[in-house]
Amino acid sequence: MTPVLHTRSLAAGYRHRTLLADVDISLMPGQLAVLAGANGSGKSTLLRTLTGAARPLSGTVEIDGRDIRQYSRRNLARRLAVVLTERGGGGALTVEECVAIGRHPHTGSFGHLGSEDRSIVAKAIADVGMAGMEKRYTGTLSDGERQKVMVARALAQQSGLIVLDEPTAFLDVAGRSDIMRLLRRLADGGCTILLSSHDIAASFAVADRLLITDPARQRLFCGTVSEAVREGALDRAFAGSGLRFDPAKGDYSY
C-alpha cells in the first residue's frame, strides 16, 4: 500500500540553519500522528515543509507516492488540507459559507457549487457536530466551534490527508477533548491526520504514531507511543522541562 505521506531523507530549516535532518516519515491511510516537541525545535517549520509552504533543504516530500513539488496548487489542494489555528478573521461568513470554501479545488473558475458540492458541505458540517448551525456567523462562535468549522472545511476538500497546526490551542479542557475525539473518529473513518500538539496526555490517548523533535541531535523520532516511552524520545525532547513519564498513570506529566 502506498503511504499517504512519505518523506525521504528530508531536511527542514532555513537557508543557513538546519533544524531537522534525515527525517523519514511514512503515514498510511487511517493513521493519526501527533508531532510534539519543545518550542523552537522545528515543529512549525517541519509542518510548513511537509505541506509545501516551505522548500526542503534536501530530500523529498511525497503525497500519494508523488513528489509534492510536482502538484499544481489545485491538485495539491485535492489531496492535502491544512488547518491553522485561527481565532479571528472570516467572522462575516456563515458556517456554511466558510465550509464551502473547501470545495473550491473541485469547482470551476467561478467557484459555483453544484448539488453534489452542497451535499458534501452539509455532510462535513454534520460530521463535526455542527448541524443546525449552518447559518450562524463564524464571528459568533466559540473558539472550539470555530475549530470544528475549520476541520469541516478540510473535510469538504475530500483530500484524504489533513495537517493541523496546534488545533487545540486557545481551547478549554472540554474543547480540547472534543477536537481530539473528532480527529480520532475521522482517522478511524480512513482519513490520515497529522497534528502538532503540546498536550502530551491527549496525544497519548489518540495517536497511532508520535513524531517527536530532538533538537540537540537535529533528528525526529517516528514511532508508536510504546516505542517513544521505551526509547526516551520525550525525555530528550523536553530535557530540563521537568516532564517525566509516570508508569502509574501511563503517560507524561510535570
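Start by selecting helix 4 (residues 115-127) and helix 5 (residues 143-157) in this predicted model. The two helices pack at an angle of about 140°, and their axes are 8 Å apart. That angle makes helix 4 oblique to helix 5.

Now show side chains where the two helices touch. On helix 4, pick Ile120, Ala124, Ile125 and Asp127; on helix 5, pick Ala152, Leu155 and Ala156, which they meet. Which classes of residue make up this contact? Colour by class and you'll get six nonpolar residues, no polar ones and one charged one.

**Next stop: the largest pocket**

Select Arg73, Leu76, Ala77, Leu80 and Gln157. Those five lie nearest the centre of the largest pocket, whose lining has 28 residues in total. Helix 2 (73-77), strand 7 (81-83) and helix 5 are the elements that give two or more residues to this lining. So you're meeting helix 5 again here. The volume of the largest pocket is about 600 Å³.

**Then: the second largest pocket**

Clear your selection and pick Ser44, Leu47, Arg48, Thr51, Gly52, Ala53, Val82, Leu84, Val163 and Asp165. Together they line the second largest pocket, which has a volume of about 200 Å³. Which element gives the largest share of this lining? That's helix 1, with three residues. Highlight helix 1 (43-50) and strand 8 (161-165) as well, since each supplies at least two lining residues. By class, this lining has five nonpolar, three polar and two charged residues.

**Last stop: a cavity**

How many cavities of 30 Å³ or more are there? The count comes to two. For the second largest cavity, select Glu96, Leu113, Arg118, Val121 and Ala122, the residues that line it. About 30 Å³ of space lies inside this cavity. Keep helix 4 on screen, because the tour ends where it began: helix 4 gives three residues, the largest share of the lining of the second largest cavity. Colour this lining by class one more time, and it divides into three nonpolar, no polar and two charged residues.

Key
Residues are numbered from 1 along each chain as its sequence is written. This is a predicted model: local features need pLDDT of at least 70, side-chain atom pairs count only at pLDDT 80 or more; totals for chains, interfaces and linings use all residues. Side-chain values use heavy atoms; hydrogens and water are left out. Axes are lines fitted to C-alpha atoms, for helices over the stretch in contact, and angles run from 0 to 180 degrees between N-to-C directions. Helices (H or I, at least four residues) and strands (E, at least two) are DSSP runs, numbered from the N terminus. Angles under 35 degrees count as roughly parallel, over 145 as roughly antiparallel, 65 to 115 as roughly perpendicular and the rest as oblique. Contact means heavy atoms within 4.5 Å. Ala, Val, Leu, Ile, Met, Phe, Trp, Tyr, Cys and Pro count as nonpolar, Asp, Glu, Lys and Arg as charged, and the others, Gly among them, as polar. On a 1 Å grid over the protein atoms alone, a cavity is a set of points where a 1.4 Å probe fits but cannot get out, and a pocket is an open set with protein on both sides within 12 Å along at least five of seven lines; lining residues have an atom within 4 Å of a point. Grid points are joined across faces, edges and corners, and a volume is the space filled by probe spheres set on the points.
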